[in-house]
Amino acid sequence: MDSKDLEKGIVQLIKKAETELPKDVIAALEKAFKVEIGVAKIQIGAILENIRLAKKTGHPMCQDTGIQTFFVEVGIDFPEINKLKIIITNGVKKATKDIPIRPNTVDPFTGENHKDNTGDNVPYITWDFTDGSDVAITALPKGGGSENMSKLGMLKPGVGIEGVKNFVVKEMIKAAGQPCPPTIVGIGIGGGADLSLKLGKKALLRPVGVRNKNKNIAKIEEELIKRINASGIGPMGLGGKTTVLDVHIEKAHRHPASLPVGLAVQCWADRRAKMIIHKNGSWEVK
Amino acid sequence: MEYRFTLPIKSEDIKKLKVGDILYVNGKIFTARDEAHHFMLEKKSIPFDPSDMGLFHCGPLMKKVGDKWEVISAGPTTSSRMEIFEDKFIEKFKINLIIGKGGMGKNTQKALQKYICIYTSYTGGAGALAAEKAEEVENVFWLEKLGMPEAVWIMRVKEFGPLVVAMDSHGESIYNSN
């Protein structure tokens, strides 16, 4: 397997994520452009123009190119699993120079910036194992402004799902224009504190407009979209009809005494791209 | 109303601007995030005069090509982080145009009235669009000390916008009216 070639693949994966938004997000923004008027329409118009320019120039659509975050599904029959982490890390270093992306990793104690988007525990990689011999890597570069609006609620189980809904709506109204709305909200319900936040972030991987398979949960997603949009916060918090493009919920079973709610907030730049590596080392970026 | 201005904007023009107005500006702007605010406030003198420039809350992505810096992506950063510095910053550096996103707090609002200044919102995340409107990077200060996002970058921009007047010099805020 040619590690150097795969590192190039990682660079292409990151470039795709940073410069081209997925079609589902663009479609949702175009829909928002149609329904908005005034200042809100101007904001969505600027976003759409920005998306067009980023694709045309190959420049990252947002200067905050995020913390490099990857969700990796490793086929258990893939031959060189031990090389994947170093390939991803080297790819991130190369991407920092080649694309370029902003050097965004700072030591929390010393303030030192590695200037290559790597450091302790970053790039942040989540590993899952699956059948087969392919590796699927999803890049989700995550910006700081929206990440700062993440919340963990360790609710009393007695408040029930109504309490969960109220928590989410209240937090999104409190966040107002700060996470660069219209946002996509990922909600993890259940598990423990860490799992609920993880599920919230994983929920962001689902395309905009796709509902949870569980009909009851799907209804709650729709209700939350309506309630948050009724706030009138609007694009960039300047007022309007579109505060969220979508709300995605994932769940885990919980401890009887706990009702954790993990809220992961994604800005309109819901950057996602996917790379598949086959067992012979060939790859493609989608 | 939509306006086009060449920076610096005259004080009497700042007074005319109201929440919801849209601006496009030509001229010089400088970037400053939390660390640059802190740093500039502590220094006795600084090597440039910010009073004829717009203050841009931004940590840009830049690339050096030959001996010139190029703007790759440069949207606004969350302004509320600068709230603890901004009233003092407006007073000390005599700026009258702030460009950011998400809005600012009461202390800034008071300073906007006192010193005849406006806070405008630029579309968050629109980094490629901003780069398109940046004609030239004129200078950079404290790059080694503060790093690329936190350094002070001075750039010349053309038709930079849309900037929405979000907090005006009369005490009004678009964020309160939603």
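Okay, let's start with Thr126(A), which is buried at a relative accessible area of 8%. Buried here means under 20% relative accessible area, exposed is over 50%, and partly exposed is in between, using a 1.4 Å probe and protein chains only. You'll find Thr126(A) in strand 2 of chain A, residues 124–130. Strands (E, at least two residues) and helices (H or I, at least four) are DSSP runs, numbered from the N terminus.

Before I go on, this is a predicted model, so local features need pLDDT of at least 70 and side-chain atom pairs count only at pLDDT 80 or more, while totals for chains, interfaces and linings use all residues. Residues are numbered from 1 along each chain as its sequence is written, chains are lettered from A and ligands numbered from 1 in the order written, and side-chain values use heavy atoms, with hydrogens and water left out.

Back to our threonine. What does Thr126(A) touch, not counting residues up to four places away in sequence? The answer is Phe70(A), Phe71(A), Val72(A), Lys198(A) and Lys202(A), where contact means heavy atoms within 4.5 Å. With Lys198(A) there's also a side-chain polar contact of 2.7 Å. A polar contact is a pair of N or O atoms within 3.5 Å; within protein, one must be able to donate a hydrogen and the other to accept it, and residues adjacent in sequence count only if both atoms are side-chain atoms.

Next, strand 8 of chain A, residues 273–277. Four of its five residues are buried, so strand 8 is largely enclosed by the rest of the structure. Strand 8 runs antiparallel to strand 3 of chain A (residues 135–139), with five bridges joining them; two strands pair if DSSP finds at least two bridges between them. Look for Ala136(A) opposite Ile276(A). Strand 8 also pairs with strand 9 of chain A (residues 283–285), antiparallel again, over three bridges, and there Met275(A) sits opposite Val285(A). Strands 8 and 9 make a hairpin with five residues between them, and Gly281(A) in the turn has a positive phi of about 95°.

Now, salt bridges: a side-chain nitrogen of Lys or Arg within 4 Å of a carboxyl oxygen of Asp or Glu. Over all chains, the count is 32. One of them joins Lys4(A) and Glu7(A), with the closest N and O atoms 3.6 Å apart. Both lie in helix 1 of chain A (residues 3–19), three residues apart, about one turn of the helix. An α-helix has 3.6 residues a turn, so residues three or four places apart point the same way. Glu80(A) and Lys83(A) meet in another salt bridge, at 2.7 Å from N to O, and Lys83(A) is partly exposed at 26%.

Last stop, where the chains meet. Chain B gives 35 residues to the contact and chain A gives 32. About 2,600 Å² is buried between them, with carbon and sulfur atoms giving 62%; that's the accessible area (1.4 Å probe) that two parts lose on being put together, summed over both. On chain B's side, helix 5 of chain B gives the largest share, four residues.
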